[in-house]
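Subject: Structure handover

Hello,

Here is the structure I promised to pass on. Please open it first, then read the notes below.

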Amino acid sequence: MADYQWPDPENRTLIGDRTLRVDSPDKVSGRARYTYDTKRPGMLYGKVLRAPYAHCQVVSIDTSAAEKMPGVKGIQIIQKAGTNIHWAGDDVVLVAAVDEGTAEDALRAIKVKFQKQAHLVSDAEPPAGVGESQGPLSMDEIGDMLDNQVPERQIVQQIGQYGISFKITEDDVKEAKEEGVPDGIIEAAQKATVHPEAAGKPKSNYQKAAVQTTGDVDKAFSEAEVVSEGLYGAPVIVHCCLESHGSISEWPDPEHLFVHMSTQGVSGIPGQMAEPLKMDAANVRVHQDHVGGGFGSKFGPDRWGVATAEVSKKVGGKPVRYMLERDAELKVAGARPSAYARVKVGAKKDGSLVAWQSKSWGTGGPSGGGMPPIPYVFRIPVQRKEHTAIRNNIGPARAWRAPNHPQAAVITMCALDDLAAKLNMDPVEFLRKNLDLVSTNPNDPRSRMYAEEFTIASDLMDWKSKWHPRGQSMEGHIARGVGTSMHTWGGRGHASDCDLSIHPDGSVDIKMGTQDIGTGTRTTIAVVAADALGLPANAIKLYIGDTLYPPSGGSGGSTTPGGVSSSTRRAVVDARDALFAKVAPALNAKPEDLEAKNGVIRVKGDASRSLAWKEACARIGATPITAHGHNDAIAAKNHPDLTNSGVGGVQMAEVEVDTETGIVKVKKMVAVQDCGLVIDQRLAESSVMGGLIMGISYALFEEKVMDPATGIMLNADMEFYRLAGLNDIPELVVHMMTGKGYDERGVIGLGEPPVISGGASISNAVANAIGVRVPFLPLTPDKVLAALNQKAGA
Amino acid sequence: MSTDDSIPPKPTPAQEESGGVSRRDFLKISTIAAAVPVVAAPTTVLAAGEQVHVYGPGKVAMEFTINGSKMKAMLEPRVTLLDALRDTFDLTGAKRVCDKGECGACTVMLDDRPVYACSMLAIEAQGSKILTVESLSQEGKLHPIQQAFVDNDASQCGFCTPGFVMACKAVLDKNPNPGAEDLLHGLSGNICRCGTYRGIRAAITRAAQEGA
């Protein structure tokens, strides 16, 4: 049995080191090709006509004038007359033309009539007395969910939970099947309870979930010695990928589709395109070299991607490229749900947490959304939680780097910080005091890790000299403060397959259908392979981003490092051992006595018996050695040391607040982070730096601002949807937890964790500085001044 | 696109012949006429008492100097410099992100000053020396600024990177010994989403020290 375990520190050549990112030279020189940069022979350009209203029905579409325009080659109706539209900017008609200007002219010539309907774009606190159930579903509602790509299992679940308000006839079933409604949904509707009396009754925008209670909450609060109550939250923000969503589709023949797509999940696209296109997934090829950001918003082909393929087929298979316009990218291509809560939390005088109560709400757009995981990190023994999801017309939500965790951190860590202030405790001491609540599993290492991380973070921030009781560090109108927060994430490696070949000329390649979304996946694979072969990282040729290669999971949820490193490690160990077997006779040794180091294959402990790498590979024969590497849940269970789950991290922020202008400046951020075995120190640090910077950005600036009157997004550009710039970035200090107690856990993903605590730690630092809580992010001057005024008036 | 509201009619050729140029069109025309050499016989119209040239609306011949080479193309006057570079000359280092002069991803040099290529018409860029990020590497060797980006891990997804590299070049070309404030100011027109600012700051600081 091959030894797939990660090498001990003394046997690592590249793992844990600081290898330069292998694709940086392509990126800095402009050579790196993104989907947006790709031009195919005879390519046509797509443009999409989008709905101007937040809630409306498509009454009629007349494309006749556009069809006659010179240069217009194809028109695809995406949402036909009669369809209900639930957010402004939703796609209605796609035009393919010889160039973008012609396509834009054609959009202006298309006549679409919309019937406006009442909309809601607010996510303000729900009024008292909203109902617990949203009531039975009408046929239109199910149709809307299908139109809006709500996942099948979610539709089935809702049909089961709420029942339906219409009787299903055999004709309905026949029609549904013809329209491609999944069988699972038809069956669920046939089995559902029918409530004809509910037909035609207006539905509430508010979906109240059942109250979750653990323990005797009233008793626990009556016994708590200190109770803090507060209001906290984070608004809807957007992904704002710099490369907008989009793709190029072409049909080399009527059965085969070739797609270039800006995506986080190359291997997952064929199945998602094949279903709506009614073709075999095996006949769909997807390719992508580089992707300009995803952050959770680019896992599917999207309806506009399917329409691009459809219009390409209509024009004889010619390539058609459609990339979203910037305003559409911000309006419709992904948003992070909002979450707000009124929290009551109680503790003993010594700081031990005893009870939590929260009434939370938020919106994920048309599907409402769920409650973030509150209370976060700490399993407070007694809890009462209720959540109301607001279904509104702001556009759909998507996974945003660390889904739901930043919101949970803001609600929880800010509430705990207020409680610590009420206890007159240093919040670091208060959080440390409760670390035994992190897990009920005695083998969970996170309690210990958080304690170690707090010690290091406190040193790096000089916390003890900077922290002061609230509001007691003013110099003129400048208030200074520090704040902290902590976070966790899973991050176990996803399923991943690869083929690694060692060629007779000594070259090495690896083929894997993964993608590098900017996290350094190429470098991770190269480091793992090169480390085992005793070669430099740039000796490994990488073939990724294509469905011609073995499938590998989508890059989301921090699952990629564990997945690709596990499959690569298995492949490279098998290939190396096969090479050892070929080379052993020449070195008069057994294969198991050989090692690959510094570009040679040598006998362990006898450097005189060695072959240079190329000489060794010459003994392979004519056919290269190829080994397949595979990782999945079962493989991961058999080798728990390759990849693992459950990281802990601590962040601290130092701010200055100008109490006259309300402007918050972050002066310093410290991040101390565990991610198991660090494959590359530089990549890990860069990931955490990026997380800190995104944290500053959403803490201070970001918000999807909706106009209540028109229902459209007011800041769908990059001037008024403000992202942090270079001037907003303070001193950043990153410390990765490595060595004993960390490395042996195996590889754990790092994409999500470092972005979670930024909002909470900066909000806490502002509260420490000005002596009052600014309830909601972003911490803009108006909110800071309002909080200061309220404090002055109190 | 038309909704319930009516669409403004497109100007017809007849209106152009009769000199029916809107004020906005006139401003556009007059800038172009002043800024570009005559490369195609334009229509002449009377506007505000003066004879001015009108290009388009169809394609007109244009000529550019890009990265030291003369390049010709037939383009509509409404085509931006960015789209001409990317779609016509296949120079895709400059990225289209905001498409309205907010993010800097399309930064190129025009006669030694940085411009947002998305916010300039190609027709206006004729007669100027245009430099794109593709011109910086010579014989496969990265420019010192580019090497500093590589060494300081200053890109993640990399979509903003070419724009930042060009903005850095513009700062250092103008001021070989910039202070920290000069660097920040020179790069304040560029935006990164992944959060690579620490690397970018380290890269330009090193490049400045090396006299790149």
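Two strands pair if DSSP finds at least two bridges between them. Strands (E, at least two residues) and helices (H or I, at least four) are DSSP runs, numbered from the N terminus. With that in place, A61(B) has M74(B) in β4(B) as its bridge partner.

Some ground rules. This is a predicted model: local features need pLDDT of at least 70, side-chain atom pairs count only at pLDDT 80 or more, and totals for chains, interfaces and linings use all residues. Residues are numbered from 1 along each chain as its sequence is written, while chains are lettered from A and ligands numbered from 1 in the order in which they are written.

Confidence

The model scores ipTM 0.93 and pTM 0.91. The mean pLDDT of chain B (pLDDT is the predictor's confidence in each residue, from 0 to 100) is 84. In chain B, 80% of residues reach 70 or more. Residues 1-39 of chain B are another matter: pLDDT stays under 50 there. The model has 47 contacts beyond four places in sequence for that stretch. Two residues are in contact if their C-beta atoms, placed from the backbone, lie within 7 Å.

Where the chains meet

The contact takes 52 residues from chain A and 50 residues from chain B. On the side of chain A that touches chain B, α1 (24-29), α3 (100-109), β6 (111-116) and α20 (681-700) of chain A each supply at least two residues.

A sheet in chain A

Chain A has an open sheet of 7 strands with mixed pairing, in the order β3-β5-β1-β14-β11-β12-β13. Its edge strands are β3 (72-77) and β13 (284-287) of chain A, and each pairs on one side only. Neighbouring strands of this sheet are turned by 25° against each other on average, direction ignored. Axes are lines fitted to C-alpha atoms, for helices over the stretch in contact, and angles run from 0 to 180 degrees between N-to-C directions.

Strand β12 (residues 256-261) of chain A pairs with β13(A) in the parallel sense over 4 bridges. There, F258(A) stands opposite R285(A) in β13(A). Helix α9 (residues 269-277) of chain A lies across β12 and β13 of chain A, at about 135° to β13(A). α3(A) lies across β1 (44-50), β3 and β5 (91-97) of chain A, running at about 30° to β1(A).

The sheet in chain B

An open sheet of 5 strands in chain B has the order β4-β3-β7-β5-β6, again with mixed pairing. β4 and β6 of chain B stand at the edges with a single partner strand each, so one side of each is left without a neighbour in the sheet. Neighbouring strands here are turned by 40° against each other on average, direction ignored. Helix α5 (residues 161-174) of chain B packs on the sheet and touches β5 and β6 of chain B. The direction of α5(B) makes about 35° with that of β5(B).

Strands β3 (residues 60-66) and β4 (residues 69-75) of chain B pair in the antiparallel sense over 7 bridges. They form a hairpin with 2 residues between them. N67(B), in the turn, has a positive phi of about 50°. β3(B) also pairs in the parallel sense with strand β7 (residues 129-131) of chain B, over 2 bridges. T65(B) has K129(B) as its bridge partner in β7(B), and I66(B) stands opposite I130(B).

A covered helix

Is helix α3 (residues 81-88) of chain B mostly covered or mostly open, and how many of its 8 residues are buried? It is mostly covered: 7 of its 8 residues are buried. A residue is buried if 20 or more other C-beta atoms lie within 10 Å of its own, exposed if 12 or fewer, and partly exposed in between, with C-beta atoms placed from the backbone. L81(B), D83(B) and R86(B) are among the buried residues of α3(B). What covers them includes β4 of chain B. Just after α3(B), D90(B) takes a positive phi of about 55°.

Domains of chain B

The domain assignment gives domain 1 (16-54), domain 2 (60-132) and domain 3 (144-209) of chain B. Such bounds come from an automatic or database domain assignment. The centres of domain 2 and domain 3 of chain B, taken over C-alpha atoms, are separated by 21 Å. 14 residues of domain 2 of chain B are in contact with 11 residues of domain 3 of chain B. On the domain 2 side, β5(B) gives the most, with 3 residues.

Best wishes
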